[in-house]
Amino acid sequence: IQRSFSSSVVRNVVIKNVTIIGGGQMGAGIAQVAASTGHSVTLVDMTDDILKKAMKGIQGSLRRVVKKKFSDDPESGDDFIQKVMQNVSTTTNPAAAVTTSDLVVEAIVENMKIKQDLFGFLDKMAPEHTIFASNTSSLPISDMASATSRPDRCGGLHFFNPVPMMKLVEVVATSSTSPETSESLLNFTKALGKTPVCCKDTPGFIVNRLLVPYMMEALRLHERGHGSKEDIDIAMKLGAGYPMGPFELSDYVGLDTIKFITDGWREKEPDNPLFAPSDLLNKLVAEGKLGKKSLEGFYKYN
Ligand code: CAA
Ligand code: NAD
């Protein structure tokens, strides 16, 4: 049964129960921040092993957080970690995970078909009031929403890596997102202690539309022989005040992610020079040198 397109039941959902689908670097970070701010979180991934790794990552990150926050009271720090961990449960069963969910945030692989299949499936399982949000870096939220019977209750919540440290969340409204849904998402990001900005459903929203072409320009500058990676990174850190240079940041985000984003945008705007490909980026990705996560990208890590 198709539910009514614009629900009259749903008004300003207060978000308490959150389901995060995908326990990778972003999903685990979002789960951590939501649990740290008193939300009840269910983290979903494909295998128990991945979920175990995600929980270990959350615990490690929490240790870094409490080291500073509770520096003169380590016992309270330990209590805090325990309480936060108790707010997170894990499962490999997404259908069961959404039955009491106020908000579902997907942070799975950056692939439209897989995201649409997930949203379409969960739409049949989740209660009427549940809001669906995507953490996509580059894909249209409206295309995901169209796989559901609740486009008015779909939007974007775009977090930044590393989630526990980065204060911004882009809150994305499509032309179908209801004002109530937008308000609930804005209130949720504030409850997380983050600062929201409102974005339209346009490629890259605000940050990535500016940041990704900048990283690609750095690559092209280097490929023209106009600067070493190291010098370009130093220049942008010391000359422009960026915390990381463009090559360090590309390695941090993942070279496969940068390539995926620019390839997708180039398909839509083939003549835009900002989206031109880079031979060096293509070569590194083909060699499996994806950045920090594979221990080698522009730089080596160990
Ligand atoms: N969890 C908890 N704490 C963390 C952490 C994590 N994952 N990562 C870093 N920290 C903490 C450290 O423990 C440290 O805390 P103290 O100050 O108490 O010691 C603090 O952050 C600083 O860390 P470091 O000293 O290791 O390094 P740093 O000063 O360079 O800061 C950084 C690290 C916050 C990541 C900083 O380098 C930075 O802001 N880099 C830019 C990141 C960025 O631009 N992200 C956006 C990428 S684009 C994106 O995400 C969107 C997309 O769709 C692709
Ligand atoms: P990741 O590869 O670290 O994690 C993705 C996780 O999703 C994996 O653990 C995988 O097992 C799981 N997964 C895949 N398909 C699934 C499914 N159908 N059901 C359940 N789990 C599934 O990726 P990531 O870097 O965390 O990125 C996740 C999303 O966040 C992507 O859409 C990406 O574009 C976006 N994003 C990434 C960054 C970044 O800097 N890496 C920043 C902001 C947004």
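How many nonpolar, polar and charged residues are in the shell around ligand 2? The shell has 9 nonpolar, 8 polar and 3 charged residues. In this classification Ala, Val, Leu, Ile, Met, Phe, Trp, Tyr, Cys and Pro are nonpolar, Asp, Glu, Lys and Arg are charged, and the others, Gly among them, are polar.

Before selecting anything, note that this is a predicted model, in which local features need pLDDT of at least 70 and side-chain atom pairs pLDDT 80 or more, while totals for chains, interfaces and linings use all residues. Residues are numbered from 1 along each chain as its sequence is written, chains are lettered from A and ligands numbered from 1 in the order in which they are written, and side-chain values use heavy atoms, without hydrogens and water.

**Stop 1: ligand 2**

Select ligand 2 and the residues around it (a heavy atom within 4 Å). There are 20 of them, and the closest are Met-26, Asp-45, Glu-110, Lys-115 and Ser-137. Next, show the polar contacts (pairs of N or O atoms within 3.5 Å). The side chain of Asn-135 places an N or O atom 3.0 Å from an oxygen atom of ligand 2. At Ile-108 a backbone N or O atom lies 3.3 Å from a ligand 2 oxygen. A polar backbone atom of Val-253 is 3.5 Å from a nitrogen atom of ligand 2. Taken alone, ligand 2 exposes 840 Å², of which the protein buries 81%; accessible areas come from the Shrake-Rupley method with a 1.4 Å probe.

**Stop 2: ligand 1**

Move to ligand 1, which 18 residues surround; Ser-61, Ser-137, His-158, Asn-161 and Asn-208 are the closest. Ser-137 was also listed among the closest residues of ligand 2. Select His-158: a polar atom of its side chain lies 2.8 Å from an oxygen atom of ligand 1. Then select Arg-64, with a side-chain N or O atom 3.1 Å from a ligand 1 oxygen, and Lys-68, where the corresponding distance is 3.2 Å. The protein buries 67% of the 1000 Å² that ligand 1 exposes when taken alone.

Colour by secondary structure (DSSP runs numbered from the N terminus, with helices as H or I of at least four residues and strands as E of at least two). Helices H2 (48–69), H8 (207–223) and H10 (246–253) each supply at least two residues of this shell. H2 gives the most, with 4 residues. By class the shell has 11 nonpolar, 5 polar and 2 charged residues.

**Stop 3: the second largest pocket**

Select Ser-138, Leu-139, Pro-140, Pro-203, Phe-260, Gly-264, Trp-265, Glu-267 and Lys-268, which line the second largest pocket. Its space is about 150 Å³. On a 1 Å grid over the protein atoms alone, a pocket is an open set of points with protein on both sides within 12 Å along at least five of seven lines, and lining residues have an atom within 4 Å of a point. The volume is the space filled by probe spheres set on the points, which are joined across faces, edges and corners. The lining divides into 5 nonpolar, 2 polar and 2 charged residues.

**Stop 4**

Trp-265 belongs to helix H11 (residues 255–268) and Phe-275 to the loop between H11 and helix H12 (279–286), so the pair ties together parts 10 residues apart in sequence.

Conventions:
A polar contact is a pair of N or O atoms within 3.5 Å; within protein, one must be able to donate a hydrogen and the other to accept it, and residues adjacent in sequence count only if both atoms are side-chain atoms. On a 1 Å grid over the protein atoms alone, a cavity is a set of points where a 1.4 Å probe fits but cannot get out, and a pocket is an open set with protein on both sides within 12 Å along at least five of seven lines; lining residues have an atom within 4 Å of a point.
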